[in-house]
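Here is a guided walk through a protein model, meant to be read with the structure open beside you. Take your time and follow along on screen.

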Amino acid sequence: MTADHPIVQLSGVSKHFSGTRALEGVDFACFGGAIHGILGENGAGKSTLIKIISGVLQPDSGEMRVNDAPVSFSNPTQAVASGIVCIFQELSLVPDLSVADNISLSSPPRRFGLIDPRAQRRRAEKLLARIKCEDIDPNALVRELSLSRRQMVEIAKALGKDPKVLILDEATSALTSRDVETVYELLADLKAQNVASLFISHRMHEIEQLCDTLSVFRNGQHIQTFPKGTHSDGEIVRLMIGREVDAQYPPRPAPAPRPEHLRIEDLAWENQLNGINLSIGKGEIVGLGGLDGQGQKELLLGLFGVLRGMSGRVSIAGKPCRPKSPAEAKQGALRIALVPEDRKTEGLMLAMSIADNLMAASYDRVSDGPFINAAKAKRAVEDGIAKLRIKLGSPEDPVATLSGGNQQKVVIAKWLMTDPDVILLNDPTRGIDVGTKQEIYRLMRDLADQGKTILLYSSDYAELIGCCDRVMVMYDGEIVASLSGDAITEEAIVAASLNVSDTQTMPGLPHA
Amino acid sequence: MRNKRSPLASTIRQNPGFYGAIIMLLVLYLVYNMLHPRGFSAAVLIQNSNESVAIVFLAMAQTVPVLLGGLDLSVGAIMTLTNCVASVVVNGSPPQIIVGMIITLATGTAFGLMNGLIVVYGRLQPIIATLATGAIAVGLALFIRPAPGGNVDDDISWALTNDLYELVDTYGWFDADAAWFAPISWFPVPLLIVVVIAFGVWLPFKRTVTGRTIYAIGSAEGAAYMSGLNLNRAKIAAFTLAGFFAGCAGLYLAIQTSSGNADITQAGAYTLNSIAAVVVGGTSLLGGMGGAIGSMVGALILRVISFYFRIVSIDPLLQPLVEGVVLLLAVSLGAFRTLRVKNQLNLFR
């Protein structure tokens, strides 16, 4: 900590939501020229903390000072005026407006009082160039971009507000490795300009690599702040969850011949899937790796019947599998389940109750004819909650009241209630806490041991290495490498992701 | 995305509904003129424009709340109210006429402002708030004009519902027979009024921060809030602008018919047609996409379709049925895009 005066200082800040405590008497400070990591499980109060700092929420009690002057923000605009800019986990982009419009949304360049589209476009180009995203067309609509590109636009938008304090809330969770590097460089730049960065991430290695100061939150309280390197990983995790954690990933069983269950031959769609060949056995977990946007998501969606006009053959247990919709994919002999990428829009009906969400894919199992049987429904819901140990008040509460990790558990439980044979997972641990992640890893292995066929896409390489029996690395709509056993290493996945020819990435060869 | 598209290519790709509607209008109107015994004549164009102005303005009025993601059920009623106001005040000396027009437009604008304030500060759904205020507007209209009638200045009626030649000739601004004036003297005044208001009011408005905030709210209200935009101001502005456009419709209706008429049925029918015009013009009822120029085109398409009934002989009793089927077809053209979507998940975004 170099400067004597913190840029942002909170003292005794508390915040309650309808009886539950989100923050309790928190003292917190961040200094210019520092990259400050904030750690904690979901529900530890990190989000509440940054929402208070950035003016989205107002504290119930306590005081906040910016550059030693007491402030109370009643909306994000006032915080931005004080130089506090937040990149939110839930993207703050408007899908139907162009990239240039979005970047200058609240204070566009004007001529004669009207927005000057040309100046606005130049400004967008300049900011995008600063984060090495010249490939993004400022005239494109945001809804035409992939999630990772949108996140970079979000970062460009934040940069355009000239931040003194930049808050990144899981801002790298959907980025490709190359973009993550760019963000790292950007943060180093900002640090040199004496900007304070607050960095929230569930990826431990990112925090380790990037931050110089770490703060741990647990249960709404600020536990400890310390410079990087003074605590080991194990100690930090212990501080976060208040208990010892054993091995992060369940042990991988020895490779054994498995009866083939899902077979994919020459699968192609538009120009995003270019001839995929893959065979997965019963009880096997196969991971999809590679950079973001190489066709992994499309492969999962295609198998689930979402894409039209696919060519190639897919068979399940020897029978051809060609669902035309998710409704067909989940039924009959196919029994496919997909845990989608974006749980807030594709996974859950946020305003509906937890119970309704749990039953959404399996109403036919709890109904007599057209009517829902209340007793059966209750039993099924209780069963689902128990199986995934979802922490909740009442099953009738809206699912939006749960923390991110528990919401994801609801999505997974919903699909397990259909008793699927093939489980497709699209980045199921994105933005959820360490404890829940471990439960999901264990659950995946248990399901595989019960003979389910699992295909997992993850943007976190560590997860692929820890969980999967085999990893298929995709590049440009093709599988470019198949890794199994000890050959699944970070170097091998990265090398194959970039499609660099390297003997280590060749299937079958032992890794040095 | 590596190759940047030109801005024009981007807009065409991003607004297929709008460009589709323009092509549809051109084709429909061309065929109409070919079938019409006096087709391609200035007289037909003037008559058609006169009959289209009110619905065009009303469709533009409806567009603004629809872009927010709401519906304004009071636009037809505001038109009726301002029509009755105009039938009282638009006469006398030229300055008095101008003041009368300003009073009429101010009435519509003020009514829209009231709608906006009720929606924002009463925290009501636009559709239900404007259902109520629409009834109030018709009530006021009936109070002003219990029976159809009124006297609108004859000169202004004549000048604004004909071609530019008559406008200049009526007020003697310059020699209407001047050689330089001949190439444009045939142009219908009503069409000119619509174009001037559409391009002079709507396009600049769209380029203000408030205008863009309206699009942002309809597209993703949460993101708009988090970006620090002034949502309340934009919502109030949207309804106010809708009131202004509806006032334009009422004023023109008074000038065209030389009278005011508090016709409840007409108010309702105009409101529903304005929604249809907005959809045909490529604006999404979910908000965030489209614009008033598209709605103008949409309204003209609906009008041209109804003109066909004059030259194609259809039993008048069947007319509503045929009109309904044609409207359904026109609206379903917009749904064709969904056939091209290969990723079915994108249908829900």
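## Overall build

Chain A has 512 residues and a radius of gyration of 24 Å, which agrees with the value near 24 Å for a compact globule of that length; the radius is taken over C-alpha atoms, and the globule rule is 2.2 Å times the number of residues to the power 0.38. Please keep in mind that this is a predicted model, in which local features need pLDDT of at least 70, side-chain atom pairs count only at pLDDT 80 or more, and totals for chains, interfaces and linings use all residues. Residues are numbered from 1 along each chain as its sequence is written, while chains are lettered from A and ligands numbered from 1 in the order in which they are written.

Taken along the principal axes, the C-alpha atoms of chain A fill a box of roughly 70 × 55 × 50 Å. The chain holds 17 helices and 24 strands, where helices (H or I, at least four residues) and strands (E, at least two) are DSSP runs numbered from the N terminus. Of its 512 residues, 50% count as buried. A residue is buried if 20 or more other C-beta atoms lie within 10 Å of its own, exposed if 12 or fewer, and partly exposed in between, with C-beta atoms placed from the backbone. Among contacts between residues at least 6 apart in sequence, 67% join residues at least 24 apart; a contact here means that the C-beta atoms, placed from the backbone, lie within 7 Å.

Let us start with an open sheet of six strands in chain A, ordered β6-β9-β10-β3-β11-β12 with mixed pairing. Two strands pair if DSSP finds at least two bridges between them. The edges are β6 (84–87) and β12 (221–227) of chain A, each pairing on one side only, and the twist averages 20 degrees from one strand to the next.

β3 (residues 35–39) runs parallel to β10 (residues 196–200) of chain A, joined by four bridges, and A:Ile38 stands opposite A:Ile200 in β10(A). β3(A) also pairs with β11(A) in the parallel sense over four bridges, and there the bridge partner of A:Ile38 is A:Ser215.

Why is β11(A) described as largely enclosed by the rest of the structure? Five of the six residues of β11(A) are buried, so the strand is largely enclosed. From β11(A) the pairing goes on to β12(A), in the antiparallel sense over six bridges, and A:Ser215 has A:Thr225 as its bridge partner in β12(A). These two strands form a hairpin with two residues between them, and A:Asn219 in the turn has a positive phi of about 55 degrees.

Axes are lines fitted to C-alpha atoms, for helices over the stretch in contact, and angles run from 0 to 180 degrees between N-to-C directions.

| Helix | Lies across | Angle |
|---|---|---|
| α1(A), residues 46–53 | β3, β6, β9, β10 and β11 of chain A | about 150 degrees to β9(A) |
| α6(A), residues 177–192 | β3, β9 and β10 of chain A | about 150 degrees to β10(A) |
| α17(A), residues 490–497 | β15, β23 and β24 of chain A | about 25 degrees to β23(A) |

## Another sheet, and A:Gly289

Six strands of chain A form an open sheet in the order β18-β21-β22-β15-β23-β24, again with mixed pairing. β18 (336–339) and β24 (478–484) each have a single partner strand, so one side of each is left without a neighbour in the sheet. β15(A) runs parallel to β23 (residues 470–475) of chain A through four bridges, with A:Leu288 opposite A:Met472.

A:Gly289 belongs to β15 (residues 285–289) of chain A. A:Gly289 is buried, with 31 other C-beta atoms within 10 Å. Leaving aside residues up to four places away in sequence, A:Gly289 touches A:Tyr461, A:Leu464, A:Val471, A:Met472, A:Val473, A:Ile493 and A:Ser497.

## Where the chains meet

How many residues of chain A are in contact with chain B? The count is 32 residues of chain A, against 29 residues of chain B. Three residues from α2(A) make up the largest share of the chain A side. By class, that side has 18 nonpolar, six polar and eight charged residues. Here Ala, Val, Leu, Ile, Met, Phe, Trp, Tyr, Cys and Pro count as nonpolar, Asp, Glu, Lys and Arg as charged, and the others, Gly among them, as polar.

Notes. Contact = placed C-beta atoms within 7 Å.
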